[in-house]
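My entries are in the order in which I checked things.

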Amino acid sequence: MTVGLVLSGGGARGIAHLGIIKALQEQGVQIDRIAGTSAGAVAGALLATGYSPDEILEIVVTTPFFRHVRPAFNRMGLLKLDRVEALYRTYLPEDRFEALKIPLHVVATDINAGECVVFEEGELVRPLVASCCLPGIFAPYQIGDRQYVDGAVLNNMPVEMLENKVDFIIGASCNPPNPNKSITSVKGVLERSLMLAIRSKTRERLTKCDLLVEPPDLCRYEVFDLRKAREIFRVGYEYTRTMEIDLFKLTTPSAP
């Protein structure tokens, strides 16, 4: 049986994917194909390269990410991500999808065409940067003659990339709803509105997963909570361990 893993976007909350993957591996789950958006795409790329979840966590904890961004000096975003290319290449020196040990599909949004674009062959690093380009914060990222923003804008849970390619799909979502969180600012209104829009587009895709892992405690963390990386990792790991996943039982029909 082949298993596909879908990894949602979610900023720093995406670190939970690493804990989820570690728990899945400890329970004997082997991943044969990955699809990811934004933070999920980066986690997927590092995993597909051969890093363990713990090794990826250490990369996150020890890397000063914001030293690799710079002011955009234009009206399309506050920061530019072009220097992040060099950072990614430090850990992904073979800049090709074909060099990965696990097939990977990365989703980004063409902001001009208004369409979802899937990268799965050729160069790897620039599509990863494009997939993480959060609109409003980062200026659109250009590849060729197309401008890209975060894949989550149109598809934060790219389940369809794995349909008909694997036998069983596990979805890891790091954006559980939090209706009890108070909104006290314009920033809060914008963030909640964006999350509601993404959640609305994602709801149907979540139901297409044969198994969904969505730790509810992740709602306590913000998109840029990188300093809480170890906490977020632990939330993903501990929640998944409580699920006691047995793929054989999940895929074996119950006796009538």
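**Entry 1: overall**

I am working from a predicted model. I counted eight helices and 11 strands in the protein. The chain has 256 residues, and buried ones make up 48% of them. I then looked at contacts between residues at least 6 apart in sequence, and 74% of these join residues at least 24 apart.

**Entry 2: strand β10**

I started with β10, which covers residues 168-172. How many of its residues are buried? Five of the five are, so I note the strand as largely enclosed by the rest of the structure. I also checked which way the residues point. Phe168, Ile170 and Ala172 point one way, while Ile169 and Gly171 point the other way, and all are buried.

Next I looked up the neighbours of β10. It runs parallel to β1 (residues 3-7), and five bridges join the two strands. One of the pairs I noted is Leu5 with its bridge partner Ile170 in β10. Strand β11, residues 211-213, is also parallel to β10 and is joined to it by three bridges. There, Gly171 has Leu212 of β11 as its bridge partner.

**Entry 3: strand β1**

I asked how many residues of β1 are buried. The count is five of the five, so β1 too is largely enclosed by the rest of the structure. Both faces are covered: I find Val3, Leu5 and Leu7 buried on one side, and Gly4 and Val6 buried on the other. Besides its bridges to β10, β1 has four bridges to β2 (residues 33-37), and these two strands run parallel. Gly4 has Arg33 as its bridge partner in β2.

**Entry 4: helix α2**

I moved on to α2, residues 39-49, and found 10 of its 11 residues buried, so I list the helix as mostly covered. The buried residues include Ala39, Gly40, Val42, Leu46 and Leu47. After α2 comes Gly50, and I note its positive phi, near 125°.

**Entry 5: α1 against α7**

Two packed helices are described by the angle between their axes and the distance between the axes. For α1 (residues 16-26) and α7 (residues 229-242) I noted an angle of about 35° and axes 6 Å apart. The crossing of α1 and α7 is right-handed.

Which residues meet in this contact? From α1 I listed Ala16, Leu18, Gly19, Ile20, Lys22, Ala23, Leu24 and Glu26; from α7, Ile232, Phe233, Gly236, Tyr237, Thr240 and Arg241. Sorted by class, the contact of α1 with α7 has eight nonpolar, three polar and three charged residues.

Definitions and conventions:
Residues are numbered from 1 along each chain as its sequence is written. This is a predicted model: local features need pLDDT of at least 70, side-chain atom pairs count only at pLDDT 80 or more; totals for chains, interfaces and linings use all residues. Side-chain values use heavy atoms; hydrogens and water are left out. Axes are lines fitted to C-alpha atoms, for helices over the stretch in contact, and angles run from 0 to 180 degrees between N-to-C directions. A crossing is left-handed if the near helix is turned anticlockwise from the far one by less than a right angle, and right-handed if clockwise. Contact means heavy atoms within 4.5 Å. Ala, Val, Leu, Ile, Met, Phe, Trp, Tyr, Cys and Pro count as nonpolar, Asp, Glu, Lys and Arg as charged, and the others, Gly among them, as polar. Buried means under 20% relative accessible area, exposed over 50%, partly exposed in between (1.4 Å probe, protein chains only). Two strands pair if DSSP finds at least two bridges between them.
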